[in-house]
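Dear colleague,

Please find below the structure that I am handing over to you. My findings follow it.

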Amino acid sequence: MPDIIPVGEHNSSWINSILGIRPQLLYVVNSLVTAGYSDYWDTCVFPRLNDKINSYYADLPKHTVDKINSEISAFAAPEILTETNTNIYILDIQNAFNLLDETFCCTPLLLDSELEKTYHLDFLKVYIHENLHRLNVSNALMERLSDLAADDFYKEHEETAMSHNEGGNEAFVVAAEVFLSHKLGRRSDKDVVNEFKEYVDGSLVLAPIIYVHLEERLPTETYNEFLLRLFDNGTLSVGNIETEYNAAMNLLLTRIN
């Protein structure tokens, strides 16, 4: 197991905790093998998941994924992303979760077009979101973000976000995903408003502020530099978050037909 751990991560408390339970993990894996889970996966689980995946992609317009990847790269510019996209796996589960390397595992329910109509969430929005986690977030930006803890409005909503295991720089990613999904026609103006109201109980209050200001981003700015500029010019500042949030949401409401 140590041989597959990337260089530089050996001191991670998370890695060490996994190594600490290696005997238990081996016992569980060996038990699954002995019980015939490999055959069960090959004959029952994988064919069903593969059918759902193939059916989903068969219904996508041609070159949709290529278009999304191009838009993600263009959004990142002048930052250059690595050529490898985030690994996303469809598993036989009812929920979704991230691993520390940004690998994302999710339910096949995200491939259900009927559920997408109801909840306005589908695999491609998740694909966009997870790949935007590849954007650089500097220590300087995270320090400026932590300073907002002195803003009562932000702090209250951040505590709600943290209760959902979210918060921190997640608002940066949500704002970018909604912006790209809207540009690609995968979110309507109404969907944009609903996302900011409903995602983790509407607690990511920086997301709509960032979203409405993205039109002001300079072609020469990385996303990280743009966000720092919002802090520098007072848009994201202690005592100003509630005002900016209300202004952003009101503006977005006027765009709904």
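With which side chain does the side chain of Arg187 make a polar contact? The partner is the side chain of Glu177, at 3.1 Å; a polar contact is a pair of N or O atoms within 3.5 Å, where within protein one must be able to donate a hydrogen and the other to accept it, and residues adjacent in sequence count only if both atoms are side-chain atoms. Arg187 lies in the loop between α9 (170–183) and α10 (189–198). Helices (H or I, at least four residues) and strands (E, at least two) are DSSP runs, numbered from the N terminus. Arg187 is buried, with a relative accessible area of 4% (buried means under 20%, exposed over 50%, partly exposed in between; 1.4 Å probe, protein chains only).

Please note that this is a predicted model, in which local features need pLDDT of at least 70 and side-chain atom pairs count only at pLDDT 80 or more, while totals for chains, interfaces and linings use all residues. Residues are numbered from 1 along each chain as its sequence is written, and side-chain values use heavy atoms, with hydrogens and water left out.

Ala207 is part of helix α11 (residues 206–213) and is buried, at 0% relative accessibility. Beyond its neighbours within four places in sequence, Ala207 is in contact (heavy atoms within 4.5 Å) with Ala171, Val174, Ala175 and Phe196.

The structure contains zero disulfides, a disulfide being a pair of cysteine sulfur atoms within 2.5 Å. For Cys106, the closest cysteine sulfur is that of Cys105, and the distance of 7.9 Å is too far for a bond. Cys106 is buried, at 0% relative accessibility, whereas Cys44 is partly exposed, at 39%.

The backbone has some features that deserve a note. Most residues other than glycine have a negative phi, and most peptide bonds are trans. Ala77 and Pro78 are joined by a cis peptide bond, with omega about 10°; Pro78 is located in the loop between α4 (64–76) and β1 (88–90). His63, which is not a glycine, has a positive phi of about 70° and sits in the loop between α3 (37–58) and α4. Asp201 also has a positive phi, near 60°. Asp201 belongs to the loop between α10 and α11 and is exposed, at 54% relative accessibility.

With kind regards
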